[in-house]
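User: Could you walk me through this model, beginning with the ligand and then moving on to the core?

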Amino acid sequence: MIDPGFGRIFTDHMAVIRFSDSQGWHDAHIAARQPVPIDPASSVLHYAQEIFEGMKAYRLADGGTALFRPEQNARRFQDSARRLAMPELPETLFLESVERLVDADRDWIPAGPDGALYLRPFMFASEVFLGVKPAAEYLYMVIASSVGAYWKGGAKPVSIWVSQHYTRAAAGGTGAAKCGGNYAASLLAQKEAIAQGCDQVVFLDAVERRWVEELGGMNVFLVFADGTLQTPALTGTILPGITRDSLLTLARDLGLTVREEPYAIDQWRADAKSGRLVEAFACGTAAVVTPIGRVAAPEGSFTIGDGASGPVTRRLHEALVAIQRGAAPDPHGWLRRIG
Ligand SMILES: *Cc1c(COP(=O)(O)O)cnc(C)c1O
């Protein structure tokens with residue numbers, strides 16, 4: 001497949017809905033994609049009220065098109081809005097905006113087994129006002145970009161750097177909200193990871209600097225030699241990934257034992273060395289499942305299993321992708337067909 005330019009090339013249209021305290025949600029429409037005029041005093045530029053979502057529209061095995069659990073994105077968007085003191089977009093408006101955009105730009109879904117349309121709903125404070133208070137006006141939009149195979153040539157294991165100086169989220173903060181500010185705060189740690197020769201950064205908790213939380217934009221799973229699975233529990237500082245939730249469900253469907261419990265970085269090192277831990281992977285909408293091959297820290301790095309993708313990681317990845325593509329039964333009703 002030719003690289004469709006994910007994240008650089010966008011489709012022809014965008015969905016727009018406006019909000020103001022006086023009018024509520026209004027002016028929902030699909031427009032030709034175009035720049036948005038921004039007043040220098042738009043409050044998002046100063047106080048960062050901005051949230052987003054990430055989801056995909058898939059071409060199904062039977063030629064149809066579907067979204068994967070979009071109601072979950074709609075609800076998480078509401079949760080994020082509440083935390084950032086922004087208005088909550090009703091679920092029906094969220095779903096309609098996404099569906100209408102996919103309908104308009106359906107031809108942008110690349111042909112082939114890995115092609116999908118990545119959708120980016122987002123909302124920001126557009127009020128022209130410098131003052132520390134929740135804005136009175138917001139702009140909600142959805143843009144889209146075509147994706148091919150996220151990792152060309154299949155899921156390649158990544159190496160991750162354990163951030164020493166930076167944390168992603170603290171109790172009571174915005175770690176569970178999908179807001180741009182969380183990403184801004186993670187970039188320096190990600191830069192450090194690259195400088196250390198790693199692909200990604202993994203964050204520890206902000207209090208003890210001991211418990212594994214997640215990567216900059218993906219949740220973490222561990223697979224043990226006894227066949228059990230573990231992922232850190234959602235304590236408010238971890239983003240509640242929809243891929244995470246789906247994999248927990250699929251793992252249980254497959255008869256695997258799963259635990260949502262804290263996992264310490266020193267335990268990770270010891271378990272990798274002893275062979276108790278055999279696989280680890282990160283997960284999120286963009287890459288779905290990415291094996292973690294190596295973990296690096298100042299005390300030295302360690303490899304998980306043989307550093308390659310393991311059988312449980314592959315099995316879960318394949319099971320999820322098969323449902324997303326309509327190639328396997330959908331017992332949980334996760335697909336929402338469009339048109
Ligand atoms: C979006 C995101 C994830 C993954 O969520 P999915 O719903 O699975 O795509 C994980 N961590 C962070 C910080 C995120 O922003």
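Analyst: A polar contact here is a pair of N or O atoms within 3.5 Å; within protein, one must be able to donate a hydrogen and the other to accept it, and residues adjacent in sequence count only if both atoms are side-chain atoms. This is a predicted model, in which local features need pLDDT of at least 70 and side-chain atom pairs count only at pLDDT 80 or more, while totals for chains, interfaces and linings use all residues. Residues are numbered from 1 along each chain as its sequence is written, and side-chain values use heavy atoms, with hydrogens and water left out.

User: OK, how far is K178 from the ligand oxygen?

Analyst: A polar side-chain atom of K178 lies 2.7 Å from an oxygen atom of the ligand, and a side-chain N or O atom of R76 is 2.8 Å from a ligand oxygen. For E214, a side-chain N or O atom is 2.5 Å from a nitrogen atom of the ligand.

User: And how much of the ligand's accessible area does the protein cover?

Analyst: The protein covers 97% of the 390 Å² that the ligand has on its own (Shrake-Rupley method, 1.4 Å probe).

User: Switching to the core, which residues have the most contacts inside the largest one?

Analyst: They are I51, F94, V98, L119, M123 and Y140, in a nonpolar core of 41 residues; such a core is a set of buried (under 20% relative accessible area, 1.4 Å probe, protein chains only) Ala, Val, Leu, Ile, Met, Phe, Trp, Tyr and Cys residues joined through side-chain atoms within 4.5 Å.

User: Which strand gives the most to it?

Analyst: Strand 7 does, with seven residues (strands are DSSP runs of E, at least two residues, numbered from the N terminus).

How values were computed:
Buried < 20%, exposed > 50% of the residue type's maximum accessible area, 1.4 Å probe, protein only. Helix = DSSP H or I, 4+ residues; strand = E, 2+ residues; numbered from the N terminus.
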